[in-house]
Amino acid sequence: MENAHHTLQRAKVKFHDHLDAVKLAAKEFNVDTKYVDLVIRFIGASDLAKVHVIGTINPCFRASLDDKVSYTSSVKSNTVSPVWDESWIVKTVPSTATLSVAVQEVETGSLVNDDVGVFQTTVTAGVKEVEIVGKRLGRNRGTFWLNIESSPSAHKSRSLPYLFDGPIHYSRHDSPTMGVLTNLRDTRLYSTWKIYIKGIPHLFGDTVQRWNHDYKAAQAIFKGPTSIAVRSGIMAGHHMLYARTALNGFGVITSADDVFELLQGGSRRSSGDGNSAFENRIKPAVYTYVIAEEDQSFRFSETGAAFFVDFASKHALHSNCAESVVYSGEFHPRPEGGWEKFSDYTDDSSVRWELVIDNNSGTYSPNPDLLAKVAQLLELNFTGINVVALAQDDPELKKSVDACREYALTKRGVKTTELEPHATEGEETLLDRVSVALKKA
């Protein structure tokens with residue numbers, strides 16, 4: 001058995017040496033690198049090793065191509081043989097690229113995932129059965145199946161390699177503070193969403209929006225002797241909000257209808273408050289968003305989300321304290337013509353819906369001239385969506401936001417306190433949870 005283990009180890013070393021030799025030779029002899037478009041289908045895994053002796057595991061994985069672009073899977077609950085069947089399309093990839101995958105166990109409430117094992121493989125086409133090995137001892141930790149489709153890249157320009165091209169995956173995350181004291185509140189006030197989007201390099205290039213040095217709240221986060229402690233708290237809160245767990249919701253967006261389905265009214269913990277009728281209707285609400293530079297994702301939550309209480313910046317919480325973002329602001333859905341002309345007697349499916357997006361972000365103060373590109377980006381990712389871009393100081397924006405909130409208050413039973421972050425008496429806040437976690441660290 002020991003000999004077999006050593007033989008396996010030598011084979012792995014030879015494999016990695018071969019990959020390195022191919023890349024080195026291509027560079028040394030000035031060989032023109034061929035580029036390919038990839039469709040990688042992550043099928044599943046079997047016989048995953050448990051990190052803990054007791055119980056089963058909730059596995060997920062993170063894949064990357066030459067550490068240039070990455071993909072994070074959904075979480076499968078209570079299984080050592082997960083089936084993902086998830087696809088990842090990446091264009092203009094060097095044919096010599098290495099696909100690296102790390103399989104992890106997700107533990108609810110933990111800030112860090114446990115590693116099950118890793119593997120690497122080439123991007124040559126075909127069905128692959130790959131051994132997952134432990135990071136330290138290199139022992140077998142399970143088997144992974146995937147299929148790679150490869151075709152010569154249709155992109156003539158190689159200035160934008162490793163281009164993510166779909167599908168558009170999303171995840172919904174619930175705040176860890178969503179407990180019994182939320183029974184009279186909309187559960188959406190405890191949720192964040194993350195959507196991985198394509199087209200950012202084409203539309204924005206290297207253009208980013210840096211934090212606003214003239215904004216007092218941003219100064220407290222990014223400047224001065226106390227900023228390190230402030231950032232630590234915000235970053236811990238971000239990791240709690242966006243943690244991938246078996247309780248997350250996962251899916252794929254194929255059209256504008258899928259986006260507006262995410263914006264439907266949600267449900268309250270209590271069934272006696274008269275709002276259950278609106279659970280499957282688009283909710284009149286304003287959302288805070290960032291388009292993150294680090295993973296090219298569109299992250300958002302309701303502006304009145306409960307977890308914002310006591311945090312210096314909503315946008316910094318979403319961006320994980322990034323010093324720059326692709327863009328940021330707020331958005332809200334509305335029926336064509338505005339909420340002031342809408343009636344709940346009209347079925348949502350018979351109305352053309354719009355997404356009104358702006359640059360209302362003090363933390364990053366994004367350039368309003370780029371709003372047209374933001375609209376283009378959303379229209380590229382959400383097929384069939386109608387985006388209306390309005391600058392923060394545009395009177396039409398205030399009129400539209402006011403109408404949205406007025407409809408929520410007068411027609412949907414939303415309380416005035418829910419329009420802005422607040423906590424009910426005795427309710428644990430996200431900052432409370434962060435403070436406890438940082439003390440234990």
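Colleague: Are Phe-307 and Phe-308 buried or exposed?

Modeller: In this predicted model, the rings of Phe-307 and Phe-308 have centres 4.9 Å apart and planes at 65°, so they form an edge-to-face pair. Lys-314 lies over the face of Phe-308, at 5.9 Å from the ring centre. As for accessibility, Phe-307 and Phe-308 are both buried.

Colleague: How are the rings of Phe-300 and Phe-331 arranged, and how many residues apart in sequence are the parts that this pair ties together?

Modeller: A search of the whole structure finds 27 aromatic pairs. For Phe-300 and Phe-331 the ring centres are 5.3 Å apart and the planes stand at 75°; angles over 60 degrees count as edge-to-face, so this pair is edge-to-face. Both Phe-300 and Phe-331 are buried. Phe-300 belongs to strand E15 (residues 297–302) and Phe-331 to strand E17 (residues 327–335), so the parts tied together are 31 residues apart in sequence.

Colleague: Which residues do ring pairs link into a cluster?

Modeller: A pair of aromatic rings is described by the distance of the centres and the angle of the planes. Through such ring pairs, a cluster is formed by Phe-42, Phe-61, Tyr-71, Trp-84, Trp-88, Phe-119 and Phe-144.

Colleague: Where does Ala-63 lie, and with which residues is Ala-63 in contact, leaving aside neighbours within four places in sequence?

Modeller: Ala-63 lies in strand E2 (residues 59–65), and with a relative accessible area of 0% Ala-63 is buried. The C-alpha atoms of Ala-63 and Ser-100 are separated by 5.6 Å, although the two are 37 residues apart along the chain. Leaving aside neighbours within four places in sequence, the contacts of Ala-63 are Phe-42, Val-69, Ser-70, Tyr-71, Trp-88, Leu-99, Ser-100 and Val-101.

Colleague: Over the ring of which residue does the charged end of Arg-299 sit, and which residues does Asn-320 touch?

Modeller: The charged end of Arg-299 sits over the ring of Tyr-242, 6.0 Å from its centre. Asn-320 is placed in the loop between helix H6 (314–319) and strand E16 (324–325); its relative accessibility is 14%, and since buried means under 20%, Asn-320 counts as buried. Not counting residues up to four places away in sequence, Asn-320 touches Met-235, His-238, His-239, Glu-294 and Arg-299.

Colleague: At what angle do helices H4 and H9 pack, and how do the residues of their contact divide?

Modeller: Helix H4 (residues 227–241) packs against helix H9 (residues 430–440) at an angle of about 110°, with the axes 9 Å apart. Because angles of 65 to 115 degrees count as roughly perpendicular, H4 is roughly perpendicular to H9. H4 contributes Ser-232, Gly-233, Ala-236, Gly-237, Met-240 and Leu-241, and H9 contributes Leu-430, Arg-433, Val-434, Ala-437 and Leu-438. The residues of this contact divide into seven nonpolar, three polar and one charged.

Colleague: Is Glu-418 buried or exposed, and what separates Glu-418 from Glu-302 in space?

Modeller: Glu-418 is found in the loop between helix H8 (395–411) and H9. Its relative accessible area is 5%, so Glu-418 is buried. Glu-418 and Glu-302 are 116 residues apart in sequence, and their C-alpha atoms are separated in space by 9.6 Å.

Colleague: What are the phi values of Asp-47 and Asp-67?

Modeller: Most residues other than glycine have a negative phi, and most peptide bonds are trans. Asp-47, in the loop between strand E1 (35–46) and E2, is exposed, with a relative accessible area of 59%. Asp-67, in the loop between E2 and strand E3 (69–72), likewise counts as exposed, at 71% relative accessibility. Phi is positive in each case, near 55° for Asp-47 and near 60° for Asp-67.

Colleague: Which residues does a cis peptide bond join?

Modeller: Pro-167 is located in the loop between strand E9 (163–164) and strand E10 (168–174). With omega at about -10°, the cis peptide bond joins Gly-166 and Pro-167.

Colleague: What share of the contacts in the chain with a separation of 6 or more comes from residues 24 or more positions apart?

Modeller: The chain has nine helices and 19 strands. Of its 441 residues, 50% count as buried. Among contacts with a separation of 6 or more, the share from residues 24 or more positions apart is 71%.

Notes. Residues are numbered from 1 along each chain as its sequence is written. This is a predicted model: local features need pLDDT of at least 70, side-chain atom pairs count only at pLDDT 80 or more; totals for chains, interfaces and linings use all residues. Side-chain values use heavy atoms; hydrogens and water are left out. Axes are lines fitted to C-alpha atoms, for helices over the stretch in contact, and angles run from 0 to 180 degrees between N-to-C directions. Helices (H or I, at least four residues) and strands (E, at least two) are DSSP runs, numbered from the N terminus. Angles under 35 degrees count as roughly parallel, over 145 as roughly antiparallel, 65 to 115 as roughly perpendicular and the rest as oblique. Contact means heavy atoms within 4.5 Å. Ala, Val, Leu, Ile, Met, Phe, Trp, Tyr, Cys and Pro count as nonpolar, Asp, Glu, Lys and Arg as charged, and the others, Gly among them, as polar. Rings of Phe, Tyr and Trp (its six-membered ring) pair if their centres lie within 6.5 Å; planes under 30 degrees apart count as stacked, over 60 as edge-to-face and the rest as tilted. Buried means under 20% relative accessible area, exposed over 50%, partly exposed in between (1.4 Å probe, protein chains only). A charge sits over a ring if NZ of Lys or CZ of Arg is within 6 Å of the ring centre and within 35 degrees of the ring normal.
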